[in-house]
Amino acid sequence: MSKICKLIDELVRYGIDKELIEKDDIIYITNRLLEFFKVDDYNPSDDNGSRALAEILDDMTNYAIETGLLTNDTITYRDLYDTAIMGLITPPPSAVRSKFKTLYNSGNHSEGAKAATDYYYAFSKATNYIRTDRIAKDEKWITSTEFGDLDITINLSKPEKDPRDIAAAGQAKKSGYPACLLCLENEGYAGTLTHPARQNHRVIPITLDDEQYYLQYSPYVYYNEHCIIFNEKHTPMKINRSTMKKLLSFVELFPHYTAGSNADLPIVGGSILSHDHFQGGGYEFPMVRAPYENEFTISGFEDVHAGIIKWPLSTIRLQGTDIDRIVDLADLILTRWRSYTDKTAFILAETSGEPHNTITPIARMRENKYELDLVLRNNITTDEHPLGVYHPHAEYHHIKKENIGLIEVMGLAVLPARLKKEMSKLAEVIKEGGNLYSENEIKSHAKWAASFLPKYGIFVDDDGNVNNKKITDPFNITKDSETEKVSKNEDYIIDIIHKEIGLVFSGVLEDAGVFKRNEAGKEAFQRFIDSLNTLQ
């Protein structure tokens with residue numbers, strides 16, 4: 001029993017240090033943990049050391065397995081178990097919301113808003129709702145392109161499902177509660193084999209355009225302070241005038257944050273279209289740095305600055321000081337785009353009654369002005385492009401096949417975890433001068449690799465054999481005076497592969513652009529802008 005008593009004391013000290021536990025509650029929380037671990041004889045520990053939370057929880061879960069309290073040693077069961085432990089030291093929603101409100105109302109508006117979100121983000125990490133130990137595994141880098149620096153990440157924070165968990169989940173009784181991963185009912189929910197535990201989850205109520213929403217952070221943060229703003233009701237995603245008003249109202253409440261919405265149609269929308277929600281956070285996305293490429297004025301909206309920005313996706317940027325005026329113009333643009341057809345540019349508003357046009361909107365504050373980016377989207381499919389004409393084309397599917405949602409639209413690639421292993425193997429084959437078709441896991445990358453490697457003095461014959469004897473150094477990195485040794489430096493090869501992945505992402509975003517970045521595309525985009533004045 002001394003082992004678990006020591007761990008309980010360590011967790012309680014952690015809770016005090018992170019301000020999850022008040023000193024008045026130490027005995028109460030200790031007793032709750034003793035009950036959880038079925039400990040009858042408690043002996044306080046003299047050890048005052050502290051470790052990372054992940055280590056403490058890992059040891060507690062191992063203890064549960066060793067003693068039979070937990071009978072299944074899989075990722076899913078361990079996550080359910082350690083979340084239940086954290087639920088015992090996580091303050092109730094009322095306490096979290098009260099502190100958030102107090103901080104929000106302290107100082108001036110901007111300072112108070114930031115103080116509140118700083119507290120809430122730190123709290124979400126301290127409770128292990130955001131598993132920082134897993135997030136740290138994500139690979140991230142920046143690639144320079146004609147559209148500026150793009151952010152690339154390979155998401156490694158979501159653990160792979162154990163086959164035993166998959167089998168068990170298939171036999172488990174399905175429940176409609178909570179209705180989805182975003183519903184309010186997740187707050188404090190114990191979870192199941194098919195639904196993550198959320199005993200350590202707390203949300204913050206906010207009002208947007210007279211509707212009740214809640215603020216939370218994503219448990220798998222793809223960027224700094226990656227937040228989700230979800231509707232109290234389980235209602236489908238919809239892009240309309242109110243959406244624009246809500247996004248601008250959110251950045252008015254939290255001027256240090258960006259907020260955007262996935263589009264509301266399949267292919268161009270996000271992964272959860274069944275529950276109305278937005279995403280945002282305290283992160284400067286590459287898109288925000290995109291300059292105006294063509295500025296214009298819409299009749300009747302001379303007070304709203306408008307223009308097309310230099311970005312791979314077709315984007316109109318609006319700026320102004322009056323939310324309602326920006327919303328009115330955004331609604332005009334949305335209304336026109338919904339019904340807009342230009343066959344010469346292969347823009348069809350609908351086919352056989354199925355609508356294709358929608359918008360991905362993104363709001364932020366810039367120099368005390370409201371800013372709203374409207375990204376024009378279209379989800380039409382053809383025999384040549386069955387997954388979508390304005391979707392990553394087949395040549396890029398070996399890197400990115402999934403939908404281009406809000407986060408990618410803003411210039412942050414979220415790439416599948418499989419690429420970590422595949423790119424490592426590809427680098428190994430290139431480094432050793434092997435054959436690109438010799439390993440099953442990299443065959444899908446062979447044609448791509450053969451196309452870019454000659455730029456770096458690495459040549460590939462028609463059979464896929466790599467000759468790396470004449471490698472050049474485009475990054476001006478002096479690894480060794482002998483090119484033979486340079487060519488065999490795996491890190492250097494990974495640098496090359498990372499750069500080329502970033503260029504693929506740039507191409508993927510261009511595929512998603514409805515008006516292409518050539519003369520014909522620019523003329524077609526201008527025809528749409530000109531058409532806006534016909535609605536006045």
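Among contacts in the protein (heavy atoms within 4.5 Å) between residues at least 6 apart in sequence, 64% join residues at least 24 apart. The model is a predicted one, in which local features need pLDDT of at least 70 and side-chain atom pairs count only at pLDDT 80 or more, while totals for chains, interfaces and linings use all residues. Residues are numbered from 1 along each chain as its sequence is written, and side-chain values use heavy atoms, with hydrogens and water left out.

**The whole chain**

Begin with the entire protein in a cartoon view. Its 16 helices and 17 strands are DSSP runs numbered from the N terminus (helices: H or I, at least four residues; strands: E, at least two). Along the principal axes, the C-alpha atoms fill a box of roughly 80 × 65 × 45 Å.

Next, switch to a surface view. The accessible surface is about 24100 Å², and carbon and sulfur atoms account for 48% of that area; the method is Shrake-Rupley with a 1.4 Å probe. Of the 536 residues, 53% count as buried, that is, under 20% relative accessible area, with exposed set at over 50% and partly exposed in between (1.4 Å probe, protein chains only).

**The sheet 1-2-15**

Now select residues 139-145, 148-154 and 412-415. These three strands form an open sheet in the order 1-2-15, with mixed pairing; two strands pair if DSSP finds at least two bridges between them. Strand 1 and strand 15 are the edges, and each has a single partner strand, so one side of each lacks a neighbour in the sheet. On average, neighbouring strands here are turned by 25° against each other, direction ignored; the axes behind this angle are lines fitted to C-alpha atoms.

Focus on the pairing of strand 2 with strand 15, which is parallel and runs over four bridges. Ile-152 stands opposite Ala-413, and Thr-153 faces Val-414 in strand 15. Display the side chains of strand 15 as well: Leu-412 and Val-414 lie on one side, Ala-413 and Leu-415 on the other, and all are buried, which leaves both faces of the strand covered.

**Helix 12 and Ser-424**

Finally, select residues 418-432, which make up helix 12, and centre on Ser-424 within that helix. Ser-424 counts as partly exposed because its relative accessibility is 32%.

How values were computed. Axes are lines fitted to C-alpha atoms, for helices over the stretch in contact, and angles run from 0 to 180 degrees between N-to-C directions.
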